[in-house]
Amino acid sequence: MGAGTGHHRSTSPVEFPAGNDLRIEGARRRLEAIARILDSRWRIPGTGIRFGADPVLNLIPGIGLLASKGISMFLIWEARRLGVPTGTLMRMAGNLGLDALISAVPVLGWAGDMFYRANLKNMHLLREHLDRTGPSPR
């Protein structure tokens with residue numbers, strides 16, 4: 001049979017999952033790295049307190065909040081592409097919404113942002129989904 005008859009496609013299902021798994025695993029690692037950078041990249045010396053770029057960006061009025069929450073939205077967008085169900089995406093959006101509310105409060109919001117880690121919470125939800133069901137990319 002020729003390539004146009006579909007015979008050539010019979011080997012595709014064997015090769016696709018392995019390549020897809022690598023793509024999913026790569027996306028997972030990238031998203032986890034982004035979440036760590038945003039929420040817990042650095043440690044205050046002499047303490048167990050960790051913080052990330054999210055509270056630091058929020059020190060820049062207006063633009064910082066938009067930048068940090070824009071990156072956080074990217075994590076949710078990618079979770080959607082990885083097949084996370086709508087209910088879980090809504091929980092992720094709720095985590096981000098609460099984080100945005102905390103961040104919007106001058107001074108106190110910056111401190112609160114150090115302790116409410118929406119991106120790490122969202123990555124936990126993504127990991128649970130992928131571990132439980134396996135990926136179903138869109």
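This is a predicted model: local features need pLDDT of at least 70, side-chain atom pairs count only at pLDDT 80 or more; totals for chains, interfaces and linings use all residues.
Where does leucine 59 lie? Its place is in the loop that runs between helix H2, residues 53–57, and helix H3, residues 63–81. Is leucine 59 buried or exposed? With a relative accessible area of 51%, leucine 59 counts as exposed, because the cut-off for that class is over 50%.

I turn now to the interior. In soluble globular proteins, nonpolar side chains tend to be buried together. In this model, the largest nonpolar core comprises 18 residues. Leu31, Ala79, Leu82, Val84, Leu89, Met92 and Leu126 are those with the most contacts inside that core. Which elements give two or more residues to the core? They are helix H1, spanning 12–39, together with H3, helix H4, spanning 86–104, and helix H6, spanning 118–133. H1 supplies the largest share, namely five residues.

Leaving aside residues up to four places away in sequence, methionine 92 touches Ile76, Ala79, Val84, Asn122 and Leu125. Two of these partners, Ala79 and Val84, were also named among the core residues with the most contacts.

Finally, I return to helix H1, which contains glutamate 25. This glutamate 25 is partly exposed, because its relative accessible area of 34% falls between the limits of 20% and 50%.

Thank you for your attention.

Key
Residues are numbered from 1 along each chain as its sequence is written. Side-chain values use heavy atoms; hydrogens and water are left out. Helices (H or I, at least four residues) and strands (E, at least two) are DSSP runs, numbered from the N terminus. Buried means under 20% relative accessible area, exposed over 50%, partly exposed in between (1.4 Å probe, protein chains only). A nonpolar core is a set of buried Ala, Val, Leu, Ile, Met, Phe, Trp, Tyr and Cys residues joined through side-chain atoms within 4.5 Å. Contact means heavy atoms within 4.5 Å.
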